[in-house]
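Hi everyone, thanks for coming. Please have a look at the sequence and the model on the screen, and then we'll walk through a few parts together.

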Amino acid sequence: MWGNITWGHAVSLDLVHWFYLPVAMVPDHWYDANGVWTGSATILPDGRLAMLYTGSTAESVQVQNLAFPADPDDPLLLKWVKSESNPVLVPPPGIAPKDFRDPTTAWYVPSESAWRIAIGSKNDSQRHAGIALVYRTSDFLSYELLPGVLHSVAGTGMWECVDFYPVSTESSTGLDTSAAAGPGVKHVLKASMDDDRHDYYAIGTYEAATNAWVPDHPEKDVGMGLRYDYGMFYASKTFYDPVKQRRVLWGWIGETDSERTDLRKGWASLQVINRVTSPTFPDNSFRSSLTRNKWTEKSSDRYSNGDNFSRSNLWCFSLCFLEATWPFAVHKSPLACNDDGLDVCLQTIPRAVLFDQKTGSNLLQWPVDDVERLRSGSQEFSNISIPAGSVVPLDVGTATQVDIVAEFGVNKSALAGAVDAVAGYNCSTSGGAAGRGVLGPFGLLVLADDDLSEQTAVDHSVIESFAQGGRTCITSRVYPTSATYGGGRLFLFNNATGVDVTAKSLKIWQMGRSGRRPAIVRISVPLQWLLFEGVAGFAEEDGKMLQKFALAVKTKTIEFFAEEDEEEEEERAVGVDDSDACPAPEEVIIGQRVVVLRPDPAPGPDPETLAAAALAGLSSFQAAYLHLQTAHSPFVSDAVRSADRAAVSHLRRLSELKRLYLSAGPGPSPSPTSALPLSFLLEAQVLDNQDLLRIFEALVDRLQSDIDRKDAEAAALEKALADLDGAGVQLADRLERACMPAEERVESLLTVGVFDSVLRDTCRLTHRFARVLVDLMNLSGWNLGAAANCICPDVNFTKPGHCRYAILSYICLGMFGGFDSYDFCDDGDGVDMDEIDVSIRRTDSLQQFIEHSALDPLELMRDFPSSDFVKFCKKKYAKLIHPGIESSLLRNSATGESSLGSLTPSSPLYESFASMASSIWMLQKLAWAYNPVVEIFQVARGTEFSMVFMETIVPKFDKLHIDSGTAPRPKVGFTVVPGFHVGKTVIQSRVYLDDSEQTL
């Protein structure tokens, strides 16, 4: 499901509980207009971070771009900036524009003092081979494509999401990506195969000097042998965790239901559990976890009447680690949204990987140990017999969220007797776990209800299986409906026909939620509310801090955090309807209760205390009244209303104190034992001091307001003075130019900017005439391709529409002929520069330029038919538009035969040609007013492209084809608009690059 591919952003301290941040990057430039695709981060030794990612351009060309944090000191890295040098890499020669994506994390090569990255691609000319290209860089802005490829495997097709990292063969810790190759170190090369949508890996040896990686077992090469996961698992990526010295793996799981259903439920696809290797785990054991999140509970009711897709309620796995998890990401998480606002690729918990020291040819995967924090309420079973063809229920209560570690055993004598009778059992062809063989399958039935009934696709989950302690993994999508909430049950099964199985041990934990959202905790203390905002689930130290705070203000903590199961039971008991969109954090607090701190009992009417409270109330009223006065000058309606409410509130409090005093009546002074609590007296004193501070703050605010007003006035005066100074400077410059000699006055006017401005206007009018001419050619049935080939033979145009550039080149070549002659004569009889005095030449040329710029070219041609300009126009028109061409173009117009070959007002080309000719005439006169004279040049065909003297006429062509590492420079097909030398300044010639030079 394709759409607005965007980078989301979330943070976590433990890879289990996540907090969502604003979107990190969106497709907002031409080089990623079709999406911000896969990328990788590299942390440099100085702490800086470089993020390389693939962008798809508006023309669907895959390019590599660089981004970095806007504020490197921001621990959350909220804002990102895209490099002005983007794209930093474009497809090299021989690589298709859509087959160049997904850069890896960079690894450092000390001998070169440079970094290297790998990028996935394919080479169809080498038997549809998948390949990994390697680039070298020292600054992440400029790159060199290394010779050859890191590795290639024929027949595997496009390699996506390439990953390349070292593993230790001697220790149980992960290695940094830049760890050097050598004894005790192997390198893993992984690629996601675009042809079959699976992730393959192989372990081998890497030689940085030759830029080559060789698999240890060629028969298990990438795309041919080992896979991370033998289920729905794709586009995975690892990173190194230096704190726990482990390598963590993310994986993506697609949907198996229809796109229509995804659109209705509002999200699709997710990331698998974080896996971490546990080499000490028994080979014949497995562990099962079933978890879910708050939002998916809502979707279970919300889509129960939609399109149903039949799924068996029996999920069976033999001798596997089995884990089912619900996507924890909340609804509308901005990780990657399509045009309908649907969320895709949601994140859950990663895995981690290590080298399998037992086999020496595999990786081991296991969920990160952080997941175990969600466990609670364990149960254990042992030595449960499972006869052949039986199903044994396990009394564990609800089995919707559980974590299971199990070990099975088979009688060795029965196993030996059954080996000869065993036919090969294949999960793909034997009917799944429901099919029966001599030895099985056997294992667990999960997400099943009491009736083991069929179910339809409504809600969503994932089952992940890890065999032999993580050596083999299988992931599947699950869509339960009846086996949800309390309806989920757990069973042991044995579908073997000739062997009994024993569950030697089963350890089962109930699992809590993994997903978290921001929560609000309100703490009630005497006379005021304190508001705390944070992520649900405070640490133990935070709880102790709040308890100490409660004791300090002499209050009591009623309740802190509630158990999740109790919260769920309460919601189901009252019939909570979860069909609506997720409530705001203020409405539902997930994972914790509101902390209520109760104040001390209300004080009695003690006269001394009442007097202190009355004084505090008077001070408060005085401060409120002062704020009310301040709000009137200047008048701010909101501030006036707020201050008025505060003043009225304090008056009411004084009135209540008066009532309490009168209700006490006359009598003896109270004894010390009947005095009010010390906390109330201290509170009154604190409030009195706070009110005094408010008075001083109001006075300071008033003084600060006066200061700000004076500062504003001073700033306005400074600006007015600066404007006057600027106007004075301009007047002085004008006066100086008016008083300088005529020769110097001419020099001050003749700048490169003036010539460039006139040239731009000339190009605009030339383009306009070319469009008129091309339109006439189309109306007359001309073949533009054939005409362009006559003008510029054997040029390979990138697009058919580019033929118009050949027409424009023909016009410019004809109109600028003789530009370097003083009288604009292109027949060889013109006046050379050496034949005329410099001062006369410059003065005369500048005067002609000024005079001509004030005239209308159409009026000039009508009223002065014998002028030099009109002669120039007629001569150029006759050379540019041959009578035969004109006859073909104007055969449908009212132009008579006698007018052909001459420039007449009746011609549809008359007005546009006159405007173009006038601008070129003025440009030539201006050029001869410079000293030295402006020189014109054009580029011959076949010349290598130079960014100093040329620019391409095709927009963005240079960005995608020019100088991509070691690629040969493109060649010029023809000059479209000539270039100019203005003194030592070069105004680039506009050229068309021959596309045939770019095709291999």
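How many bridges join strand β4 to strand β5? There are six, and the two strands, residues 49-56 and residues 62-69, run antiparallel. If you want a pair to click on, S56 stands opposite Q62 in β5. Before I go further, please keep in mind that this is a predicted model.

Those two strands sit in an open sheet of four, ordered β3-β4-β5-β6, with antiparallel pairing. At the edges you find β3 (36-43) and β6 (80-82), each of which pairs on one side only. From one strand to the next, the twist averages 30°.

Let's zoom out for a moment. The protein chain has 18 helices and 44 strands. Of its 1000 residues, 47% are buried. Among contacts with a separation of 6 or more, 71% are between residues 24 or more positions apart.

Now to a strand that I'd like you to look at from both sides, β24. It covers residues 351-355, and five of its five residues are buried. On one side are R351, V353 and F355, on the other A352 and L354, and both faces are covered. And which strands does β24 pair with? One is β17, residues 246-253, joined to β24 by two bridges and running antiparallel to it. There, V248 has A352 as its bridge partner. Another is β25, residues 363-367, which pairs with β24 over five bridges, again in the antiparallel sense. In that pairing, V353 is partnered by Q365.

Next, the helical part. The unreviewed UniProt entry lists residues 693-727 as "coiled-coil region". In the model, that stretch is 100% helix and 0% strand, and its end C-alpha atoms are 50 Å apart.

Further along is helix α10, residues 752-779. It has 28 residues and reaches 41 Å from its first C-alpha to its last, close to the 40 Å expected at 1.5 Å a residue. Just after α10, G781 takes a positive phi of about 80°.

Now for the interior. In soluble globular proteins, nonpolar side chains tend to be buried together. Here, the largest nonpolar core has 66 residues, and F755 and F913 are the ones with the most contacts inside it. Which helix gives the most to this core? That is α17, residues 910-927, with eleven residues. If you select F913 and skip its neighbours within four places in sequence, you'll find it in contact with F769, M815, C873, K876, Y877, L880 and L903. Apart from this core lies another, of 20 residues, including I386, V396, L490 and V501.

Last stop: one more open sheet. A pair to look for is H981, which stands opposite V986 in β43.

That's my tour, so over to you for questions.

Technical notes
Residues are numbered from 1 along each chain as its sequence is written. This is a predicted model: local features need pLDDT of at least 70, side-chain atom pairs count only at pLDDT 80 or more; totals for chains, interfaces and linings use all residues. Side-chain values use heavy atoms; hydrogens and water are left out. UniProt positions are given in the numbering used here, feature names are shortened, and annotations may be inferred rather than shown by experiment. Buried means under 20% relative accessible area, exposed over 50%, partly exposed in between (1.4 Å probe, protein chains only). Two strands pair if DSSP finds at least two bridges between them. A nonpolar core is a set of buried Ala, Val, Leu, Ile, Met, Phe, Trp, Tyr and Cys residues joined through side-chain atoms within 4.5 Å. Contact means heavy atoms within 4.5 Å. Axes are lines fitted to C-alpha atoms, for helices over the stretch in contact, and angles run from 0 to 180 degrees between N-to-C directions. The expected span of a helix is 1.5 Å times one less than its number of residues.
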